[in-house]
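Subject: Structure for your files

Hello,

Here is the structure I said I would pass on. My notes on what was found follow below it.

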Amino acid sequence: MDQIHVTLPDGSVKEFPKGTTPVDVAKSISPRLAEAALVAKVSATDGNGAKGKSGIFSNSVDPAEDGSLLYDLRRPLEQDVKLHILTEKDPDALYVFRHSAAHLLAAAVMELYPNVKLGIGPPVENGFFYEFLREEPFTPEDLVKIEKKMHELAAQDLPNERKLLPKPEALKLYQDSKQLFKCELIEEKADEPMVSFYTTGKFIDFCRGPHIPSTKRIQAFKLMNVAGAYWKGQEGNPQLQRIYAAAFFSQKELDAHLHRLEEAKRRDHRRLGAELDLFSIQEQAGPGLIFWHPKGGLIRTLVENWLREELVKRGYDLVFTPHIMLFDLWKTSGHANFYKESMFGAVEVEKAHYQLKPMNCPGHILIYKTKLRSYRDLPVRLAELGTVYRYERSGVLHGLLRVRGFTQDDAHIFCTPGQIELEVEACVDFAFAVMKNFGFDKYEVELSDWDEKHPENYAGKPEDWHRATNALRSTMDRMNIPYKRIEGEAAFYGPKIDVKLIDAIGRSWQLTTVQFDFNLPARFGLEYVGEDGKRHQPLMVHRALLGSVERFFGILIEHYAGAFPLWLAPVQVEICPVSEKVQDYAKHVHETLKNHSIRVHLDERNEKLPAKIRDAQMQKTPYMLVVGPKEADAGSVSVRHRSKGDLGARPLADVVTALQEEIASRLIQ
Ligand SMILES: [Zn+2]
Ligand SMILES: [Zn+2]
């Protein structure tokens, strides 16, 4: 067979001589495509390719789930294939691009430091790394040199060429150059007689590829840092130095990424938490446990008060349940089994075993069960700012975002099937009210559904699942909320919707969850008396809007970069007298604001005005009121806003009114 058939993405089939390369195919379509092409996606049309390591899959990375494989543009096609030419628009191409950039890094390092030993160099999120064994640590100056060398090599437009060597020769090549990590990799990974290599100029690397055609497109990258890593990630192995880099197709994308990193650093809630004296984590008390300082505690109180008011307005009942309950309760709920890994150990008191609660649900269920409910009593909505304790490995703890003790704004809704749509809608409406109140206007919604083909993996009857999923979907449709449905992602006990908000710098945060539960009502034998006089099992929904108060606070700090809106600012106004001569008037201003329930602080230090203003700015206090002899005579204050600067002198009474209005409006600015 001297001709092969190539099926293109539009379904058309073209005939080419055997040995044609993807770039030849691209040229036959359009020179522009050939120019933009980076790599090809290939799959066998005869269905053989996906089954084994024969034919087109020989000497290649494992095929993707759809049976396709990424191919170098210059790799000959030997049989009938489906072919897709990938350009910068395809995420797969970015991955290959970053892998090629990793080779470029290794090529540059080998030129500058010929004695280093090579580890591995994969693409990662936003870039790539390559790891090296070298006695001296790479310094920041080294990175500058390496980056320069990479640009030099990139400009030479060196081709990335694929070569095959018999395995013994491949091993000898690396034994001779004393690249023992590479020998180890070949021994382990090369499971065919021929081993594939890629060369980039003088540099050669054992690699299954694929790669972009040459180095010239690798322009937008930046070496970020060096981190120690054990060979193969195993302690006791030699320690290598990983050089991490960011890499993108365009300088614009790279710049945007670097800017995001800078912003994230500037907004880091752990740093701001200390600088603004909001919270701490105390070594003496243990990891993952949060101490709320007076200023953080005040913000939390304001957030919780707002929430409690809304809960009452929206028909929830506020309850409290114990932090510690008998271990047997968690056996009934099933947590002792499927949630064991996340629970603190049991505590023994008077020979009985108690469990620190990891969830609030069983507590609310016990309240529901204290009396027989009729359909007229439903829906029952029990809400609690419930503190729970969950075991997380100390290595994954992170500031306020990942902790061991936290307070959920939790609620459980028990209702009849006929009520479920309105309840879901009310939850979603509440979630949006939360986002609006705290100044988030971008979000993503995900609906996690079951995998209908495997009902045996789930609790509850198929009709329960259909009803619940329909309620979630029709609510989203009716409210005009776009969402992504993810099949098979539901928990075993019910479908859910998750709302992820997007913060000021485009990061997404999982916040609200509205989750059905077909498991707990059955386990606890929950009932209500229906209109028909018979007993029925109520539907149960878990829902949390903020998620955890701790985590939400962390998100708020980062979203506002510590500059809380006036209604949440721990100190709303700093009074800055220009000298001691106006002390009496400054005290009068202080008293006046205090009497109008404005959180105010008087800076009585013997400091110059610029120092007082600088410190208030550092604390991100929304307003500074400067008072001097002129203001004292006129009964006015000079208003300064932390971001708008000097707003001029205004009568004190007017300023009080304006402040009160801004606080009441909960304006975000
Ligand atoms: Zn490679
Ligand atoms: Zn729950």
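**Cavities, pocket and a helix pair**

In this predicted model, strand E20 gives the largest share of the lining of the second largest cavity, namely 3 residues. Helix H9 (294-313) and strand E20 (380-389) each supply at least two residues of that lining. The residues around the second largest cavity are Arg-308, Leu-311, Leu-318, Val-319, Phe-320, Ala-383, Glu-384 and Leu-385. By class, 6 are nonpolar, 2 are charged and none is polar. The space in this cavity is about 60 Å³. The count of cavities of 30 Å³ or more is 5.

The largest pocket holds about 900 Å³ of space. Its lining has 33 residues, and those nearest the centre are Tyr-339, Arg-390, Phe-406, Gln-408 and Thr-513. The lining divides into 12 nonpolar, 12 polar and 9 charged residues. Elements that each supply at least two lining residues include helix H11 (335-338), strand E21 (405-415) and strand E25 (508-517).

Elsewhere, helix H3 (residues 91-112) and helix H4 (residues 140-155) have axes that come within 9 Å and cross at roughly 115 degrees, which means that H3 is roughly perpendicular to H4. The crossing is right-handed. On the H3 side the contact includes Ala-101, Leu-104, Leu-105 and Ala-108, and on the H4 side Ile-146, Met-150 and Leu-153 are among the residues involved. By class, the contact of H3 with H4 has 11 nonpolar and 3 charged residues, with no polar ones.

Regards

Terms used:
Residues numbered from 1 in each chain as written. Chains lettered and ligands numbered in written order. Predicted model: local features only at pLDDT ≥ 70, side-chain atom pairs only at ≥ 80, totals over all residues. Heavy atoms only, no water. 1 Å grid on protein atoms, 1.4 Å probe; cavity = no way out; pocket = protein on both sides within 12 Å on 5 of 7 lines; lining within 4 Å. Points joined across faces, edges and corners; volume = space filled by probe spheres on them. Helix = DSSP H or I, 4+ residues; strand = E, 2+ residues; numbered from the N terminus. Nonpolar A, V, L, I, M, F, W, Y, C, P; charged D, E, K, R; others polar. Axes fitted to C-alpha atoms, helices over the stretch in contact; angles between N-to-C directions. Parallel < 35°, antiparallel > 145°, perpendicular 65-115°, else oblique. Left-handed = near helix turned anticlockwise from the far one by under 90°. Contact = heavy atoms within 4.5 Å.
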